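Please keep the sequence and the coordinates at hand while reading.

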Amino acid sequence: MFVQSQNSAGQISHQQLRPGHTACQTDISSWADTQNSVKKVLEHLVYLGKATGDIFLNDAVAKKFLEFHRDITEECGAEEKQHSWAVIEKEEEIVMYGPYYPNYSKGIHSEDIIIQQTEELLESEEFSQQWKVYVFTMNSPCLARNTEPCMINLVQKAHAWWTAYGVKTHIGFVRCWGFRGTKETLFRDIDYGHVDCINQTGNHGDYVEAAKNRTNLNPLCENLRFAVKHLLTCADLSFPLMTTVQEQDWNSYFKKMHSIFECKPEGEKKVFAQKLDAAIEAARALLSAKSRSFDKHLEGGKAFPLHSTFAPQVSEALQDEMTLTFQHCWREMVQDKYADFLRGKLTEQFNQCAVQLFIKDIVKFTDRYLHIGRIKFSKEHMAAFEAE
Ligand SMILES: [Zn+2]
C-alpha cells in the first residue's frame, strides 16, 4: 500500500468546466441554481414531512470503504473534522492518497484536491478499465458555493473519467452536508417569536395575523411555517443547555440585572455589582448537562438563590425585583437557545433531504459511472476504531 500524504492545498487551481461538455451536465444543471434548488428541496421536505429514503451505499462498496477507512485511520489517526481521501484500486495495486483538508480562507475544499490528484494519477499511467476510483469525504460534497459546488464537480468528473478511462467512481460520505455554508440562510430568521406564534395557531392565515400583532416579527412564508409546525409536533425536542451556553454568552444574557442597582450610591453600587457578578457566575450551575424540554429548562431558572446572597443588605422589594429580572433574563436565554436548536434541527433535516433528493435525481443518468451514498458505520466498527 502506498499512502501519499499531501496536506498543502496551495497549488490547486479551480477548473472551470466547459459549458455543454457532458451529457450529465444538463441533467444536474438545475442543481447549479442554488436559490431554485433550495426552494425545490424545501417543497419536498414539506411534502414528505421529513427526510426519508435510503441513500446508503450498497454492501459491497460500503465494505470497501470501511476497509480503506480502517487503513487510513491506522496510518493517520481518527478524524471527525471534514477531510477527504481517495483510492485508485488497480488489479494488483491499491493507491491511496490523502487525507486532505479544506483551506476555506483560500476557497479550497478538500474535494478540489481529490479531483486534481485523481486526475493526475489517472493521466500519468497506462490505465485499465478495471480500475476503480473511491472518494471518501466526511461531509457529503457541498451543493452550494461561490464557484461550482463540489457535488456537481465530482459528478461531472466521474462522467469525464468514465468517458476517458472507463473507470467507475464511488463516493462515500458520513454526514449529509447539502447547502450548508455561507450561502445557506433559509432558516436564519426563525426566532422564538415565530416559534411561539406557530405553536399557538393552526393555519397560515391565523399565524400571519398573530405575527403581525407582535413587534419586529415578519411572518415566515407558508412552507417555512409548515416545516416548523411539523417539527414542533413530531420530533423529540429536548436539548442540552450546558453545552450551548458559553461563558461570554451567559454574561451577556444577565448583563441587564446590573440596572437594578442604578439608583444606589456609587460606592454601594460597586459592592453590589461584584456580588451580583459572583452570584450570576454561581448560577451557571443551574445549567443542566442533560437534554430537557423547553418547559423544563424554563423551570430550571426559578431556583436562583439570590436571597441568601443579598438578603441582609437589600430590601424585600429589591430582592423581588432581582428575582423577576433574573427569571426574565433566564427565559430570554432559554428561548434563544431553543430557537437555535430548532434551526439546527431544521437545517439538518433540510440538508439530509437535499442530499437524498440530489442523489435520487441523478442516479438514473449516472448509474453506469457513479455510485454515491452514505457510509453506515456499524457499532462494532466504531468500537474497533476507538479501541485501536
Ligand atoms: Zn465543496
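Where is the place of N216? N216 sits in the loop between helix 7 and helix 8 (222–234).

## Backbone features

The model is a predicted one. N216 is not a glycine, yet its phi is positive, at about 55°. N216 has a relative accessible area of 79% and is therefore exposed, since the cut-off for exposed is over 50%.

The peptide bond from G98 to P99 is cis, and its omega is near 0°; P99 belongs to strand 3. G166, which follows helix 5, has a positive phi near 70°.

## Overall content

The protein contains 14 helices and eight strands. Of its 388 residues, 48% are buried. Taking the contacts between residues at least 6 apart in sequence, 79% join residues at least 24 apart.

## The zinc site

Which residues coordinate the zinc ion? The donors are H109 through ND1, C142 through SG and C150 through SG, at 2.0 to 2.2 Å. Their spacing in sequence is H-x32-C-x7-C. H109 and C150 link distant parts of the chain, being 41 residues apart. H109 is in the loop between strand 3 (94–100) and helix 4 (110–124), and C150 is in helix 5 (residues 150–165). Both H109 and C150 are buried.

Helix 5 has 16 residues, which at 1.5 Å a residue should span 22 Å. The C-alpha atoms at its ends are 21 Å apart, in agreement with that value. Because 12 of the 16 residues of helix 5 are buried, the helix is largely enclosed by the rest of the structure.

How are helix 4 and helix 5 placed, parallel or perpendicular to each other? Their axes come within 11 Å and cross at roughly 5°. Angles under 35 degrees count as roughly parallel, and helix 4 and helix 5 are therefore roughly parallel to each other. On the helix 4 side the contact is made by E111, D112, I115, T118, E119, L122 and E123. On the helix 5 side it is made by C150, N153, L154, K157, W161 and Y165.

## Helix 6 and its partners

Helix 6 (residues 192–200) packs against helix 7 (residues 204–212) at an angle of about 135°, with the two axes 9 Å apart. That angle makes helix 6 oblique to helix 7. The crossing of helix 6 and helix 7 is right-handed. H194, C197 and I198 from helix 6 meet Y207, A210 and A211 from helix 7.

Helix 6 also packs with helix 8: their axes come within 10 Å and cross at roughly 75°. This makes helix 6 roughly perpendicular to helix 8. Helix 6 contributes V195, I198 and N199 to the contact, and helix 8 contributes R225, V228, K229 and L232.

Is T169 buried or exposed? T169 is buried, at a relative accessible area of 0%, and it is found in strand 5 (residues 168–175). V133 is 36 residues away from T169 in sequence, but their C-alpha atoms are 4.6 Å apart in space. Neighbours within four places in sequence aside, T169 is in contact with V133, V135, A158, W161, Y369, L370 and H371.

N351 lies in helix 13 (residues 316–366). N351 also counts as buried, with 0% relative accessibility. Which residues is N351 in contact with, leaving aside its neighbours within four places in sequence? They are C176, W177, G178, F179, R180 and E184.

Technical notes:
Residues are numbered from 1 along each chain as its sequence is written. This is a predicted model: local features need pLDDT of at least 70, side-chain atom pairs count only at pLDDT 80 or more; totals for chains, interfaces and linings use all residues. Side-chain values use heavy atoms; hydrogens and water are left out. Donors are N, O and S atoms within 2.8 Å of the metal (3.2 Å for Na, K and Ca); water is not among the atoms, so sites may look incomplete. Helices (H or I, at least four residues) and strands (E, at least two) are DSSP runs, numbered from the N terminus. Buried means under 20% relative accessible area, exposed over 50%, partly exposed in between (1.4 Å probe, protein chains only). The expected span of a helix is 1.5 Å times one less than its number of residues. Axes are lines fitted to C-alpha atoms, for helices over the stretch in contact, and angles run from 0 to 180 degrees between N-to-C directions. Angles under 35 degrees count as roughly parallel, over 145 as roughly antiparallel, 65 to 115 as roughly perpendicular and the rest as oblique. A crossing is left-handed if the near helix is turned anticlockwise from the far one by less than a right angle, and right-handed if clockwise. Contact means heavy atoms within 4.5 Å.
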